[in-house]
Amino acid sequence: MAQWSMVAVLIGVITARLTANVVIGWMISVGAIIVASIFLGRAVVRRVGPYEIARRTDASLGLHAQLATALELTDASTLGELAELQIQRASRTVLAIIPSASIPLLPRDPVWRRTARANLTATTVSLFAAVLVGVWPSAATNPLEDTEPTLVLADARTPSERPAGEPTPLGQAQALSPGGDAIEARTNRPGDTGTSSSGLIGQREDQALPRSREHQGDASRAAPDAASHATTAAQRGEALQKLGDALRQAQASRAAGESLRRGDTERAADQLNQLADQITRLPPSERETLAEAFKQAGAQTSSGDRQVSEAAKEAAQALSQYKTSDARDAIRREASAVRQAGDANAAERDRDIRAQDLARSGQTSLPERGDSSGEAAGGEQGSASGDQPRDATGQPGQNGQAGQGAQGRDGSVNEGSLSNLEQQLRSGGLDSDGTGSVQGSGAGRGIGSTSPGPATRLDAQSVPVTVQAQEGDGPSTWRPPRPDTPLVAPPPAPAVASGPASNSPVGAGPDINAVPREYTEAVRQYFLPESAPPAGPGAAASGLRP
Amino acid sequence: MASNYSRPGTRETDLDLFGRVSAGIIAEVRRVIVGQDEVLNGALVGLLTSGHVLLEGVPGLGKTRLVRALASALDLAYSRVQFTPDLMPADITGTNIIADDPSGIRRFRFEPGPVFANLLLADEVNRATPKTQSALLEAMAESQVTVANIAHRLPEPFMVLATQNPLEMEGTYPLPEAQLDRFAYKILVTFPTLEELNAILDLTTGDTSPTVTPVASAPEILRLQSLIRQVPMGQHVRDYVARLVLGTHPDQRDATRFVKQYVRFGASPRAGQALILAGKVYALLDGRYNVGFEDIRRAAHIALRHRLLLNFEAEADGISTDAVIEQLVMTLRTDEMADRGRAS
């Protein structure tokens with residue numbers, strides 16, 4: 001009853017907070033204080049009888065219900081022999097009991113303190129609710145409304161100008177990658193190619209600033225995302241470690257826990273999947289241990305990886321309730337969450353390594369990378385456009401003059417193409433060695449433009465196209481056959497070449513029922529057997545069904 | 001018999017008798033049976049509580065050997081019936097035959113069957129037809145058999161130890177719930193460990209065969225059965241037993257979600273009786289004069305596992321009755337006040 005009352009009070013408090021109604025909040029506050037007083041009063045006036053004392057003493061000292069049974073026997077009218085023995089033994093036990101070791105008999109604390117301790121939960125919840133409602137008016141406002149927007153700008157200094165310990169530009173670029181406009185503002189300009197790093201930055205700093213201001217809104221929006229992005233990686237790793245520690249407590253999940261401890265998320269996910277498959281074979285005690293491990297994991301990883309935490313909690317709940325199928329699904333979800341978290345951490349680690357390599361080399365140009373998805377495409381593109389001059393923005397270098405982009409070998413692209421860096425960082429990026437794909441040789445060769453122009457974010461330009469056309473009747477009224485259209489005469493079929501039948505397109509013609517001429521007779525015989533000639537050696541030799 | 005125990009000075013004798021007989025039975029059976037501690041304790045519980053025991057295990061684990069050793073250690077009348085599909089009820093209970101009396105007149109005379117013994121080994125009991133199985137119902141419940149409207153009392157103590165094989169189900173007739181409930185305890189005979197198997201092989205392949213010496217007689221067993229019933233038990237422990245039995249019923253308000261999910265029918269009141277009596281034996285074996293919660297928990301599996309009927313969902317999820325009992329015992333609280341009215 002007390003617990004349900006406390007739950008009701010808490011629900012009321014939460015409702016008051018959500019509805020922002022101060023009156024309801026104060027009413028609930030007063031109600032909580034009244035409820036707390038009632039329970040405290042009931043606890044004070046409650047009496048503890050000798051039977052309860054005997055039972056609690058038996059339970060606390062492990063006396064196998066000896067005292068309580070003997071106490072009951074003393075009330076019996078007739079006693080058997082064993083009952084007398086039991087009473088004698090209980091009497092000796094009572095004399096041997098140390099009062100301070102027996103909690104309920106002679107506690108040293110005063111009554112009010114014992115009762116308060118006994119009702120600690122109810123009292124605490126009530127006081128918590130009262131305090132929560134008491135500070136309601138000050139907490140009713142939305143804290144997000146008073147928060148100053150945070151503006152994060154990219155640092156235009158070179159790595160050599162930056163003090164030791166300060167985050168690298170790529171670190172900033174990585175942090176700002178969700179918004180990405182700061183990077184774009186200071187780098188993505190045609191004509192920046194072919195200049196030195198310092199010159200590049202020094203030349204463009206004043207030009208980049210207005211655009212940066214122009215995109216302050218975007219940057220401020222990007223800042224919380226970047227912060228959360230940066231903290232998520234660390235928290236995710238910590239959550240996986242905590243999950244591993246928790247899983248190691250159970251025998252069934254110890255292998256997965258060890259794998260997580262070593263950072264081998266793939267193996268851990270596989271082992272969790274195996275555990276899910278074998279969940280029905282676990283004895284009840286092991287199930288309980290496993291449920292406790294998952295419960296602990298869910299509690300400890302709640303601030304790290306929400307997906308991992310929720311799957312762990314669901315697994316713990318299903319295991320404790322002996323819902324085998326639910327437990328199996330939850331553990332599989334946990335395995336999937338572990339695998340995703342591991343992949344995400346690996347990708348971010350890869351990005352960091354590339355960023356550090358780039359910062360160490362002091363380049364403003366970026367080696368063209370080739371990851372699993374972009375390698376082939378980049379290489380093909382590079383080889384296809386190898387002879388075509390391109391500037392930094394990827395435009396055909398017709399107006400370029402001095403852009404060198406000579407790092408095209410080993411896959412390097414034009415210098416100063418930080419917009420490509422941004423794209424690559426977003427797409428997951430750069431190789432750890434930064435060399436990129438050799439298939440990208442030739443990309444970026446050409447002459448870029450030195451004339452400053454407006455920054456273009458994408459390497460594409462629109463080209464107006466003029467089409468000469470004349471309005472009038474079409475050359476044909478034929479439509480593809482549809483169920484609701486009347487039949488019209490199909491256009492004449494193209495002449496079939498006298499080559500093998502496999503050369504002729506099958507099913508690609510206007511008539512989907514078209515049959516190659518040499519198969520017409522066989523098809524007719526197949527569908528119209530009564531008109532088929534008697535099967536003979538020739539038919540058998542043709543391989544066709546009669 | 002019980003009145004003898006109320007005489008001053010005899011209580012220690014009874015307790016000494018209990019200690020001597022229980023230790024002697026275990027020691028004697030140990031000479032031919034290796035391991036199987038729980039099985040031996042369960043059989044002893046059945047013997048001292050006058051409860052029938054169902055032994056379940058794969059062939060070759062020594063079930064029959066255990067029963068024979070137990071009978072030898074007790075110096076009791078022992079008979080064995082191998083249950084087969086063509087076994088008839090009269091083959092167990094006995095029948096009336098025509099015989100000449102001393103005066104030369106032919107009359108019907110009752111010829112007792114093998115059920116008239118102190119220890120009856122019903123080997124592979126699930127191989128007989130339900131009709132023959134039912135012939136044991138009256139004998140197990142009321143210690144008597146009725147033939148031609150005449151009830152014949154069975155000798156005391158009377159105990160049925162039945163065995164069945166859980167694997168070979170073809171050509172068998174599973175025991176009906178009514179007959180299963182007559183068995184006070186169901187004991188699972190597990191496979192021996194490596195050390196136990198080594199000892200068994202060494203014991204059974206030598207040129208000497210151990211002999212079992214009787215350590216107790218039928219009257220002494222009856223005295224011990226009476227002593228067991230005198231073991232005091234607190235009301236709160238009895239309340240715990242009642243809540244444990246009720247907790248196996250899915251339609252009860254206090255049933256756990258696990259029971260509601262997997263149990264079709266719960267245990268009968270006989271389960272409560274078996275729990276308490278087994279708890280008393282365990283308490284005395286542990287050297288205590290009263291029954292504690294631990295004794296009841298210890299007896300829960302052997303007293304409840306054959307009385308729970310699981311549903312299809314449990315079968316699909318691979319949940320056994322032992323898992324249900326384990327979960328129930330773990331979740332059932334012991335500190336609820338059975339006598340709230342007397343709390344002050």
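Among the elements of chain B, helix α1 (residues 11-30) has the lowest mean pLDDT, 83, while helix α11 (residues 269-285) has the highest, 93. Here pLDDT is the predictor's confidence in each residue, on a scale from 0 to 100, and helices (H or I, at least four residues) and strands (E, at least two) are DSSP runs numbered from the N terminus. Over residues 1-12 of chain B the pLDDT is below 50, and beyond near neighbours in sequence this stretch has 17 contacts in the model, a contact being heavy atoms within 4.5 Å. Residues 337-344 of chain B also stay under 50, with 17 contacts beyond four places in sequence. Where pLDDT is low, the predicted coordinates should not be read in detail. For chain B overall, the mean pLDDT is 85, and 93% of its residues reach 70 or more.

A quick word on conventions. This is a predicted model, where local features need pLDDT of at least 70 and side-chain atom pairs count only at pLDDT 80 or more, while totals for chains, interfaces and linings use all residues. Residues are numbered from 1 along each chain as its sequence is written, chains are lettered from A and ligands numbered from 1 in the order in which they are written, and side-chain values use heavy atoms, with hydrogens and water left out.

**Strands in chain B**

Chain B has an open sheet of five strands with parallel pairing, in the order β2-β5-β8-β1-β9. Its edge strands are β2 (78-82) and β9 (183-188) of chain B, each pairing on one side only. On average, neighbouring strands of this sheet are turned by 20 degrees against each other, direction ignored. Two strands pair if DSSP finds at least two bridges between them; β2(B) and strand β5 (residues 119-123) of chain B run parallel and are joined by five. In that pairing, R80(B) has L121(B) in β5(B) as its bridge partner.

Helix α3 (residues 63-74) of chain B lies across β1 (52-56), β2, β5 and β8 (159-164) of chain B, and runs at about 170 degrees to β5(B). For such angles, axes are lines fitted to C-alpha atoms (for helices over the stretch in contact), and the angles run from 0 to 180 degrees between N-to-C directions.

There is also a hairpin: β6(B) and β7(B) have two residues between them, and A148(B) in the turn has a positive phi of about 55 degrees. Strand β6 (residues 144-147) and strand β7 (residues 150-153) of chain B run antiparallel, joined by four bridges. V147(B) has I150(B) in β7(B) as its bridge partner.

**Aromatic pairs**

Over all chains, the structure holds three aromatic pairs. The rings of F110(B) and F116(B) have centres 5.7 Å apart and planes at 70 degrees, so this pair is edge-to-face. Rings of Phe, Tyr and Trp (its six-membered ring) pair if their centres lie within 6.5 Å; planes under 30 degrees apart count as stacked, over 60 as edge-to-face and the rest as tilted. F110(B) is buried at a relative accessible area of 16%, whereas F116(B) is partly exposed at 22%. The cut-offs are under 20% relative accessible area for buried, over 50% for exposed, and partly exposed in between (1.4 Å probe, protein chains only).

Y240(B) and F293(B) form an edge-to-face pair too, because their ring centres are 5.2 Å apart and their planes sit at 85 degrees. Y240(B) lies in helix α9 (residues 235-246) of chain B and F293(B) in helix α12 (residues 293-304) of chain B, so the pair ties together parts that are 53 residues apart in sequence. Both Y240(B) and F293(B) are buried.

**Salt bridges**

The count comes to 26 salt bridges over all chains, the rule being a side-chain nitrogen of Lys or Arg within 4 Å of a carboxyl oxygen of Asp or Glu. Here are some of them:

| E348(A) | R236(A) | 3.7 Å |

In chain A, E348(A) counts as buried at 8% relative accessibility, and R236(A) does at 10%. E28(B) is buried at 12%, but R31(B) is partly exposed at 37%. Finally, a network of salt bridges links D245(A), R248(A) and E258(A).
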